Amino acid sequence: MFPRKASVVIKDSLKLSFEYVPKELIHREAQMDQLLMLFRPVVESGRSETAFLSGSVGTGKTATAKRFCADIMRYGAENNVPIDYIIVNCRQRPTEAGILLHLVRHFDPGFPDRGFSPSEMLRTLNGQISKSGKKLIIVIDEADLLLKKGSVDLIYQLSRFNEETINIQSSVSLILISQEYIMDKLDEASISTFKRSNAVRFPKYTSGELKAIVCARAKEALREGGIRDDAAELIADIASEWGDARYAIELLDMSARKAEMLPAGVVTAEEVRAAKAETYSVVTESKLEVLDVNRLITLLAVARSIKDQSYVSTAVAEKTYWVVCEEYGITPRKHTQFWSYLKDLDHLALISTQKMADEEKGGRISYISVPDIPSKELSKKIETILDADLPPRLYNTS
Ligand SMILES: Nc1ncnc2c1ncn2[C@@H]1O[C@H](COP(=O)(O)OP(=O)(O)O)[C@@H](O)[C@H]1O
Ligand SMILES: [Mg+2]
C-alpha cells in the first residue's frame, strides 16, 4: 500500500485536473458576454444560433464553452425555457458516425453501437430532439480534427434541423470550436454555415493574465501559502510563450506534486523549473496533431535549420524546406505559400517570427525562433508523425 501522509501542499487535487471548470473564467468576460448576447435569442424567442470559437491551445475555449452552456441552461430554467446541451470532442470521436452515436446516446444511453448508418442515426437524432421539446446546444469541440478530413456534411446536416423540424418547441444551436488556421480550409459553399456563424476569438493569454489564472487556481487547489509569488510568476512567464493556460495549470500541478515530496511544503521556482523540464513535450504534441503534411514539413525545416542557435532566418529555413520536401517526396510550395505556413505555425505558437536588423547587409530580415523545446526533440516528434502519416511510396521519389 502507499504510505498515507497528510498532504502539505495540495488541498484538492481535482481542482488541478483538466476537466475542472472554475466558476469564474478570468479574462474571458468579453467572450462570455459575447456568447450570452449571441444566444440570448435562443432563450427569448426560440431562435437557433451558431458560434465559432477559435484560438490556439489553452486559450480557454473548452472551459468557456462548458461554463457558458451550464450558465445558459440555468438562465433558461429560470425563464421556463428548457435548454439542454451536449459537448462532443472530435479527438475522442474523430468520425461522423462516432459523433452521431454520442449525440443519439445523450437521449438514449442504450442505443446500440453497431448496425445503424450515419443517416439513420441522424434521423433518430432529429426525432429525439423534436420529441424533447428543448432548445439543444451542440458543442463540437476540436472540430479541426473532423474538418481536417474534409468532413463537413455532419455540421451542415445538424444546422439544417431547424429548417425541417415541425415542432417549434425544439431547436438546435451549434457551437464549433477549433484552433485558428482551419478557416483557410473552409472555402467551399458547403461550409457556408461556418462562415455565417458568429466568430468569438480567444487571444493568447499574456503573462499577467496567466499569473492571475495560476494564483486563482492555486487558491482553490493548494493550502494557504502553498506557492511562492515568484514561483507563480515564473509559471506564468514560461506559459506565456505559448499564451497557454493549459500549460500553466499543468506546470502548477506538476510543481505542486514535486513540492509535496519536500520538507519545505511550498512550491518554489526550483520545482517549477523541474516541472518545466518534464512537461514541454506533452504541450507540443497536442499542437502537432492538428497540422497537415505541408505545415509539418515546414516546421520540420525550421527545427532542422535552427539546430542549437536561438534564431534562424526565414531564407535559411526556406532552403532547408526544399531539402525536406525532396526527402519526403513532396512538391515544395512557392515562397508566398511557405510564408503562409510560417504564419499559421506562428498563430499556433509553435514558432515565433520577428523582424530583426540584418548585421551584414543592413535593413531588417525575418527570423524564426522555436519557443521552449529543444529543436532535436521537435524534429524527432515531427518525423515520427510523418512516418506514420505518409504512405511509403512518397519516400521513393528521389
Ligand atoms: N480564464 C481562465 N480562468 C481559469 N482557468 C482557465 C482559464 N482559461 C483556461 N483555463 C484552464 O486552462 C485549461 C485549458 O483551458 P481549455 O479551455 O481546455 O483551453 P482550450 O480549449 O482553448 O485548449 C483548463 O484547465 C481551464 O480550466
Ligand atoms: Mg479545448
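1. Conventions. Residues are numbered from 1 along each chain as its sequence is written, while chains are lettered from A and ligands numbered from 1 in the order in which they are written. As this is a predicted model, local features need pLDDT of at least 70 and side-chain atom pairs count only at pLDDT 80 or more, whereas totals for chains, interfaces and linings use all residues.

2. Confidence. The pLDDT, the predictor's confidence in each residue from 0 to 100, has a mean of 86 over the protein chain, and 88% of the residues reach 70 or more. Where pLDDT is low, the predicted coordinates should not be read in detail.

3. Overall make-up. The protein chain holds 16 helices and eight strands, taken as DSSP runs numbered from the N terminus (helices H or I, at least four residues; strands E, at least two). Of its 398 residues, 38% are buried, that is, they have 20 or more other C-beta atoms within 10 Å of their own, with C-beta atoms placed from the backbone (exposed means 12 or fewer, partly exposed in between). Among contacts between residues at least 6 apart in sequence, 73% join residues at least 24 apart.

4. The sheet. Five strands form an open sheet in the order β2-β3-β4-β1-β5 with parallel pairing, where two strands pair if DSSP finds at least two bridges between them. The edge strands, each pairing on one side only, are β2 (83–89) and β5, and the twist averages 15 degrees from one strand to the next. Six bridges join strand β3 (residues 135–141) to β4 in the parallel sense, and the bridge partner of I140 in β4 is L176.

5. Strand β1. All six residues of β1 (residues 50–55) are buried, with T50, F52 and S54 on one side and A51, L53 and G55 on the other. Five bridges join β1 to the parallel strand β4 (residues 171–178), where F52 stands opposite L176. On its pairing with β5 (residues 198–202), β1 again runs parallel over five bridges, and S54 stands opposite R201.

6. The core. The largest nonpolar core has 99 residues, and those with the most contacts inside it are V139, I235, A248, L251 and V302; such a core is a set of buried Ala, Val, Leu, Ile, Met, Phe, Trp, Tyr and Cys residues joined through C-beta atoms within 7 Å. Its largest share, nine residues, comes from helix α11 (residues 245–260). Leaving aside neighbours within four places in sequence, I235 is in contact with V214, A248, L251, L252 and V272.

7. Helix α10. Which residues of α10 are buried? They are A231, A232, L234, I235, A236, I238, A239 and S240. The geometry of α10 (residues 229–240) agrees with expectation, because its 12 residues at 1.5 Å a residue should span 16 Å and its end C-alpha atoms are 16 Å apart; the expected span is 1.5 Å times one less than the number of residues.

Technical notes:
Contact = placed C-beta atoms within 7 Å. Axes fitted to C-alpha atoms, helices over the stretch in contact; angles between N-to-C directions.
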